[in-house]
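Please look over the structure shown here.

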Amino acid sequence: MSKRFIWIVTIFMGLAMASLIMVQAYWIRNAIIVKEKQFDQLIYRSMIDITNAVEKLEIEKISARLSRPMFMDTITVIPPAPPNIPPQGNRPDNPDSVKKKELKEWLKNRREFIDRIIASQYYASPQIESRITADELENIIRQILSELEIDIPFEYAVIRWNNDTAYRSDSYNPSANAYPYRVQLFPNETYAHPNYLYLYFPEKEDFLYQSLGYLAIASLILSLAILFSFAITVFIMFRQKKLSEIRNDFISNMTHELKTPISTISLASQMLGDKSIPVEVKNIAQISKIISEECRRLGSQVEKVLQTSVFDKGNLKLRLNEVDMHEIIAGAVDNFS
């Protein structure tokens, strides 16, 4: 396998890996966007429920005030007919006439009272503090969010039409990096000055990421596993390429090293077999020493070849020993001589 081919495969695998990670990131981003839109819709729905609950609470307060015995007192002030005054037709002092007159007066007073309530609600524009308290509003918000299973911290504020703050939570920060949701309180009032409820969630992003659940975690783990596998594969490819080059260099060097003792042994054997050279000139002792040394050298080279398999398995252990460099040099000189 050529080095160029390995680089081509590596680049192709890298592009495929990058594309896969981008697809995973795009999917997670789209999932977060969808979750955020669902969350926004849920919050807008809760805001409408909050305004309805606030209006319902005010109606209950007005009904409670109207149910007090203020009208009963008006009714009971109608005096009964005096026992010592006989009925005299339709005279003004007739008890029946007095009762009808008192009843008309009571109805008139009741209508004026209701008109005053309507006028106070629609024309006089009462302050928001006189209509609902901060504790009541916070309890309503908490209850509505709990019914919609939104159990995360929230901050709120009630801002008047002139940007004055009526109510605010302890940690409400208008300059915080959070998207505030806004709704008008008492939206059905035409002539009253509007009051707006602002609501935001500091831990909104964490809530959205947690809502993805195990799918996002599994996707992230899968992407990391594929990335790790890609890195390991590339590392192994280049390592095998390097080992292959080392093995080829070793074989080339070993071939040369094996040829040298074989050539020396061949020359020595030819000298011993050459009948044209007298026996006393052949120096048999020196020739035998050369053959012995070359055989030992040849065995050492063969041992190195066998050790390559141990090196591939990763079980190679080196043993350090002291050697005499003068002896090694003298042996090399004798071989060349």
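Helices, here meaning DSSP runs of H or I with at least four residues, are numbered from the N terminus. This is a predicted model.

**A residue in helix 6**

Thr260 belongs to helix 6, which covers residues 214-273. Is Thr260 buried, partly exposed or exposed? Its relative accessible area is 26%. Buried means under 20%, and exposed means over 50%. Thr260 is therefore partly exposed. Leaving aside residues up to four places away in sequence, Thr260 touches Glu294 and Arg297. Leu298 is 38 residues from Thr260 along the chain, yet their C-alpha atoms are separated by 8.8 Å.

**The sheet**

Strands of a sheet pair through backbone hydrogen bonds, either parallel or antiparallel.

| Strand pair | Bridges | Direction |
|---|---|---|
| Strand 1 (residues 155-160) and strand 4 | Six | Antiparallel |
| Strand 3 (residues 181-185) and strand 4 | Five | Antiparallel |
| Strand 1 and strand 2 | Three | Antiparallel |

Some residue pairs can be named. Val158 stands opposite Tyr167 in strand 2. Ile159 stands opposite Tyr196 in strand 4. Tyr181 has Leu199 of strand 4 as its bridge partner.

Why is strand 4 largely enclosed by the rest of the structure? Strand 4 spans residues 195-200, and five of its six residues are buried, so the rest of the structure largely encloses it.

**The cavity**

Rolling a probe the size of a water molecule over the atoms shows where empty space is left. How many cavities of 30 Å³ or more does the structure hold? It holds one. The largest cavity has a volume of about 40 Å³. Its lining consists of Gln184, Leu185, Phe186, Glu189, Ala192, His193, Pro194 and Asn195. By class, four of these residues are nonpolar, three are polar and one is charged.

Technical notes
Residues are numbered from 1 along each chain as its sequence is written. This is a predicted model: local features need pLDDT of at least 70, side-chain atom pairs count only at pLDDT 80 or more; totals for chains, interfaces and linings use all residues. Side-chain values use heavy atoms; hydrogens and water are left out. Helices (H or I, at least four residues) and strands (E, at least two) are DSSP runs, numbered from the N terminus. Buried means under 20% relative accessible area, exposed over 50%, partly exposed in between (1.4 Å probe, protein chains only). Contact means heavy atoms within 4.5 Å. On a 1 Å grid over the protein atoms alone, a cavity is a set of points where a 1.4 Å probe fits but cannot get out, and a pocket is an open set with protein on both sides within 12 Å along at least five of seven lines; lining residues have an atom within 4 Å of a point. Grid points are joined across faces, edges and corners, and a volume is the space filled by probe spheres set on the points. Ala, Val, Leu, Ile, Met, Phe, Trp, Tyr, Cys and Pro count as nonpolar, Asp, Glu, Lys and Arg as charged, and the others, Gly among them, as polar. Two strands pair if DSSP finds at least two bridges between them.
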